[in-house]
Amino acid sequence: MIMIFDRESGILLHPSSLPAKYGIGDLGEEAYDFIDFLQGAKQRLWQILPLNPPGYGESPFQCYSAFAGNPLLISPDRLWAAGLLLKDDLQEVPEFCESRVQFALVREYKERLLRKAYQNFKRKKKDSGYEEFIFEASWLKDFTLFMALKNYFKGLPWNQWESSIALREERAMAHYRTLLAEEIAYHGFVQFIFFTQWLNLKKYANSREIKIIGDLPIFVSYDSSDAWAHPRLFELDEQGNPAKVAGVPPDYFSETGQLWGNPLYRWEEMEKDGYRWWRERFNSLLKTVDIVRLDHFRGFEAYWEIAAGQPTAVQGRWVKGPGEKFFRTMMKHLGDMPVIAEDLGLITPEVYELKDQFHFPGMKVLQFHLHSSEKELYLPHHYESNTVVYTGTHDNDTTLGWYKGLLLEDPQEAAFLHQYLKEYLDGVTTFPENICWQMIEVAFSTAANTVIIPLQDILCLDSDARMNFPGTVGGNWEWRLRPGSLTPELQERLARLSVLYNRNNGTQI
């Protein structure tokens, strides 16, 4: 059965960017307030980045697990409400920066609170929900041991641990499970708390008719419990080191491509058990979100293979992915899949064919399409309904920053943009003096069933609010929303567009 998305709109904002007094956005009151803002603005969708625990570079796309939740998003206030912390535990809060996440400082502070909460938890009678979570989370046993070992070996990547446990020898596994039993139990507690808080938040969102769009990166980090626990599924050598890694060739974002460094999959090996690891991954994610944005969709048709040790992504080759049989297997076991295919970058006819075969909506980003050399077919007034339109994504500059760059670097393109917006919005534009809101209105007015706008563009923020610079490490993923930014006027402005362009009642054009 083909899934058809309703005609709706929403906002892209990762929970870490929410205001909160503990240095990073979390799953506490401000998250509930944001859902209320969405409802009042007649938005139906909240898109987030991966919720997994970030590792290298604090990237939510390079995580210690494809299944676990990020402990930094746990709300201390909700721990207090659950009787796991005292009020005194929350009195001495460091002077965190309001506009940026200071990850090292936040991690140290929240780790201290979580360990206190764990000690209090141990003294309480365990509820059935905890026991059920520990029993049902099939990934948890490997993940908690992985994190305990990572702490024991001072944060080193797993291929630098003692070889017997790096290679999961049976005697070493038994030894460390006994030695690190307390630390293993602590990480199980943290995951229970994360998913309790998150699922309560999701339930609240759904009760307000807000659906959550989650993000599923195609690849996982090498330094993850997944690669350590399932080495046969990844392109690793006999010592467990990466042999072939992922990336993309030179493109819009980088002249030398993007060398992600994630280990590639052994797809033929995965096929032997009906892609079980993938089925469990999809099944787990679809319990925590309503719709999945499938990152780097083109990698399922063909992916860029780079030999480990290459300095850039320039030297590589395209290798066929699992394609149609993969998605047919997923649907056989999981049923209809509410998937958005991230089909940006160098896309071939074969990728479009795979996407269209399963009727997955693709993505259109206005910053990529509103230029004079674009084919007429790809301009916004030609967008098809089975599409998700963005002004920009987490990898783009903000619309204001992009526009300022256009004025400075390419006045001719800026002139084309002005002319297009004037002709496209003539007689209907609600915000003639604001480039950000003109772009937002273009997105809302298209035939595309789904529109997602980064919150930075709704606030018309400059480049310093950008979330990520692809291909770089450091300074990314830090942007935070300042308290008080989500005003009633802003809410009304969004609601007006939703009503004007019929995006508030879930109907089709």
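Helices (H or I, at least four residues) and strands (E, at least two) are DSSP runs, numbered from the N terminus. The close-ups below come from a predicted model, in which local features need pLDDT of at least 70, side-chain atom pairs count only at pLDDT 80 or more, and totals for chains, interfaces and linings use all residues. Residues are numbered from 1 along each chain as its sequence is written, and side-chain values use heavy atoms, with hydrogens and water left out.

View 1. Look for H14 in the loop between strand β1 (8–12) and helix α1 (29–40). At 8% relative accessibility, H14 is buried; buried means under 20% relative accessible area, exposed over 50%, and partly exposed in between (1.4 Å probe, protein chains only). Its side chain reaches the backbone nitrogen of L49 at 3.1 Å. That is a polar contact, a pair of N or O atoms within 3.5 Å; within protein, one must be able to donate a hydrogen and the other to accept it, and residues adjacent in sequence count only if both atoms are side-chain atoms. Leaving aside residues up to four places away in sequence, H14 touches I48, L49, P50, L51 and M467, where contact means heavy atoms within 4.5 Å.

**View 2. The disulfide between C436 and C460.** The structure holds 1 disulfide, a term for a pair of cysteine sulfur atoms within 2.5 Å. Here C436 is joined to C460, with an S to S distance of 2.3 Å. The pair links distant parts of the chain, 24 residues apart: C436 sits in helix α17 (residues 435–445), and C460 in the loop between α18 (455–458) and α19 (488–500). The torsion about the S-S bond of C436 and C460 is about 75°, so this disulfide is right-handed. C436 is buried, at 1% relative accessibility, whereas C460 is partly exposed, with a relative accessible area of 22%.

**View 3. Positive phi at C460 and E209.** Back in the loop between α18 and α19, C460 has a phi near 55°, a positive value in a residue other than glycine. E209 also has a positive phi, near 60°, and is likewise a residue other than glycine. You will find E209 in the loop between α8 (181–207) and β3 (211–216). E209 is exposed, with a relative accessible area of 52%.

**View 4. Two further cysteines, C63 and C97.** C63 is buried, with a relative accessible area of 6%. C97, by contrast, is partly exposed, at 27% relative accessible area.
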